[in-house]
Number of protein chains: 2
Amino acid sequence: MAHLLIIGGSDAGISAALRAREVDPAMEVTVVVADRFPNYSICGIPFFISGEVPDWHDLAHRTASDIQAKGIRLLLEHTAQAIDPAAKQVTVLDRTGATRELPYDRLIVATGAEPARPQIAGLDLPGVYLLRPMESAFRLHRHVRKREPRSALVIGGGYIGLEMVDAFAHLGMSVTVVEYMPSLMPTVDPSLGRVIGAEVERHGVEVVTGVGIEQIERVGDLLAVRGTGGFQARANLVLVAVGVRPVSGLAAAAGAQRGIRGALRVNQQMETGVAGVYAAGDCIETWHRLLERYVYLPLGTTAHKQGRVAGENAAGGHSTFAGSLGTQVVRVFDLAVARTGLLETEAAQAGFDPLAIELETWDHKAYYPGAHRIHLRVTGDRWTGRLLGAQMVGHVSTQVAKRIDVFATALFHGMAVAALSDLDLSYTPPLSSPWDPVQEAAQMWISQRQGRHGT
Amino acid sequence: MAHLLIIGGSDAGISAALRAREVDPAMEVTVVVADRFPNYSICGIPFFISGEVPDWHDLAHRTASDIQAKGIRLLLEHTAQAIDPAAKQVTVLDRTGATRELPYDRLIVATGAEPARPQIAGLDLPGVYLLRPMESAFRLHRHVRKREPRSALVIGGGYIGLEMVDAFAHLGMSVTVVEYMPSLMPTVDPSLGRVIGAEVERHGVEVVTGVGIEQIERVGDLLAVRGTGGFQARANLVLVAVGVRPVSGLAAAAGAQRGIRGALRVNQQMETGVAGVYAAGDCIETWHRLLERYVYLPLGTTAHKQGRVAGENAAGGHSTFAGSLGTQVVRVFDLAVARTGLLETEAAQAGFDPLAIELETWDHKAYYPGAHRIHLRVTGDRWTGRLLGAQMVGHVSTQVAKRIDVFATALFHGMAVAALSDLDLSYTPPLSSPWDPVQEAAQMWISQRQGRHGT
């Protein structure tokens, strides 16, 4: 009986385990999990901190017993120390400090990512938090509940930073967010970033952009934070959310190649090139479907897909990862912010001839109560007419998340912007317009392109 | 200067006029409108009746002056009497009873549809209503506001019938809905129809299915309604919503061919075959992209698209209608009900080997507050694996309308059900799951298909 060993019990690892058992119910599958929290939704941590999810147990995508019921063996609180690809075994350390060798026929490395530690003095002071793994979330949760801090400063205005800003504000804290780039949420264009900034400020949060934090010091009960341009602020706690970096050392030591930001190199079958060793999730480079090259783009959705591909292939199947488009959505206060594909700047860097338009329109017929404005930004290639990307910001009720998915599905198929008008999308006055905002934006893009051609 | 004449000022006609002026700003465009209400959203009538849209003027997609500002001439309260394709002119009757001839270079027939009149005795009694055109909506609105009827009986449990049921219930009336088929909303499968039935009953509406209405009589202040199987009921007013039929006589008299249910035959360029004469909207047969044949499938979204194609081509452009997938959504009380593509029965009739699965799941991570259940039904071809259709019912907040659009975009491209798992769809816990319900359903379909193959 073939034995599949998986290192890592988060999205990619558990997806791989489940898929392998589906494809080959006879396969023996063991997952080595560093902590006691297999298959936890780390995307849910901000809502646990805010209290919207009171019980952290609910953050599990599946419980350990759900996973075990699928015939998967979980080794909790075991840390992989070394991979020996020649002997096909992995050395693991258990909670008692004992090590042992686990043999494998196939191995999947799903070691994930860890928070990036920026060059800031004072990161290890009490009251300064980074958000992964679950244990650090527990520490922050205890701090917030027991010591009732009045103020928080969040370093990083990307999607996790803003979710935490929202969580702290939800708790009634006075919040400041500091972003190094000129506008919040640098994963969308600055014009939409400003819409987000206005929403964040509307909820009483101080927004500071274009400032790099350099130092954190303790001053009595407070943390004193200093940054570029003379920036100074004080807060009871500081949260750092400036991205993540892949955990790839273990596989690299066993001969796997590393690429962008040290992430593991794999092919679209999730093979590392080391015989019998696959990798998936936040520890690897991701194939970008539109750029047709590898990027580092760690997302939970992608980790699930890559895990599924790795699990299927490790179990003898033939699956290929179709590629990422970088589709993402985040809720920030009353707004949903979504994007897919490329920004105008990214498209230009990739050699496209991007044209971007921006449209503000209603999510549904304005005559029907409850209509909200949506901001859309659509980028296409001026020369070929091909859709390259879309961004959207709108009230959380405006179906922005699934409207971006229409763009994502169109991008998947390499559609032309003009062809979006041909899509047979649903309409009823309380939920859309006869031309959905997606199509209205496409038609604006076409007019703009023709206008520019004409001049 | 070329002159484009358009008969009909609803969705198709006005879309055609606008597009023609965009493509050729020098083109002279005249629209003959039978009433005083060009470009009204007839889909909005139920919300005007319910009072959710207090002012009927708001139902205009655009005002007459918006349209005229685009350089389009409107002839309101003019009725086309005859088309002379040899002389290239149309005889119109104005409100004074005078007739005159309007010459054209290109003609677009967009005469729309009228409510079907079922074989029921008593349809012309006072208190019995059909819902188009705007004038009949005004009469019903006056009845409801001035005479404050306590009860309504709606004949037809399709999407317009149910929107009117919702409207009457919103007004506090006692409502009965009678559907001839075994479940409400026969455009979705009975299992989902039953979910809708339960929602309608939860709002105090009496649901009667499997009954054909035969007779309406006046008995004092009430209308007495009789149907098959001994059905009897009384109500202050009766609304009939059993579908529409194309208004195609005018074009047929000028030599245009008619097909299914008397709808005009056109090609995908919207040409009728009569030189210089195009047709679009609810008066024509519609190309079905999946069935690859013509059907009668009148929808506002389709009328807009066909009008756009006709307008572009009449102005010298080269546009092709990409076909309909029958995508639609309707809000019924707190539910959104959506479909695209084929039902299992329709797929079997068309020669496919359909396999349908049904899934009930959460619209977003259940740990985040406000999660609701969604019912999905996905149909694919067992032999080729191709996606054939999808249906969804869920709370109006569950993005069902735009989730069906992901299926619609996939169908547009002839995707396999299995490939839906490859789509890079957006995720954040308050709005979805790492595998969107669309993908969860696809994965269930794949398992089911493999299971059946295995037996």
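Residues are numbered from 1 along each chain as its sequence is written, chains are lettered from A, and ligands are numbered from 1, in the order in which they are written. Because the model is predicted, local features need pLDDT of at least 70 and side-chain atom pairs count only at pLDDT 80 or more, while totals for chains, interfaces and linings use all residues.

Chains A and B touch. The contact takes 53 residues from chain A and 53 residues from chain B. Two residues are in contact if their C-beta atoms, placed from the backbone, lie within 7 Å. On the side of chain A that touches chain B, at least two residues each come from helix H8 (300–314), strand S21 (328–332), strand S22 (335–341) and helix H10 (400–412) of chain A. Helices (H or I, at least four residues) and strands (E, at least two) are DSSP runs, numbered from the N terminus. H10(A) gives the most to this side, with ten residues. By class, the side holds 27 nonpolar, 16 polar and ten charged residues. Here Ala, Val, Leu, Ile, Met, Phe, Trp, Tyr, Cys and Pro count as nonpolar, Asp, Glu, Lys and Arg as charged, and the others, Gly among them, as polar.

H10(A) has 13 residues. From first C-alpha to last it reaches 18 Å, close to the 18 Å expected at 1.5 Å a residue (1.5 Å times one less than the number of residues). 13 of the 13 residues of H10(A) are buried, so the helix is largely enclosed by the rest of the structure. A buried residue has 20 or more other C-beta atoms within 10 Å of its own, with C-beta atoms placed from the backbone. Gly414(A) follows H10(A), and its phi is positive, near 65°.

H8(A) also packs against helix H1 (residues 11–23) of chain A, at an angle of about 35° and with the axes 7 Å apart. Axes are lines fitted to C-alpha atoms, for helices over the stretch in contact, and angles run from 0 to 180 degrees between N-to-C directions. The residues of this contact divide into nine nonpolar, seven polar and four charged.

Chain B contains an open sheet of three strands, in the order S13-S14-S15, with antiparallel pairing. Two strands pair if DSSP finds at least two bridges between them. Strand S13 (213–219) and strand S15 (232–235) of chain B are the edge strands. S13(B) and strand S14 (residues 222–227) of chain B pair over six bridges. The bridge partner of Val219(B) in S14(B) is Leu222(B).

Conventions. A residue is buried if 20 or more other C-beta atoms lie within 10 Å of its own, exposed if 12 or fewer, and partly exposed in between; C-beta atoms are placed from the backbone.
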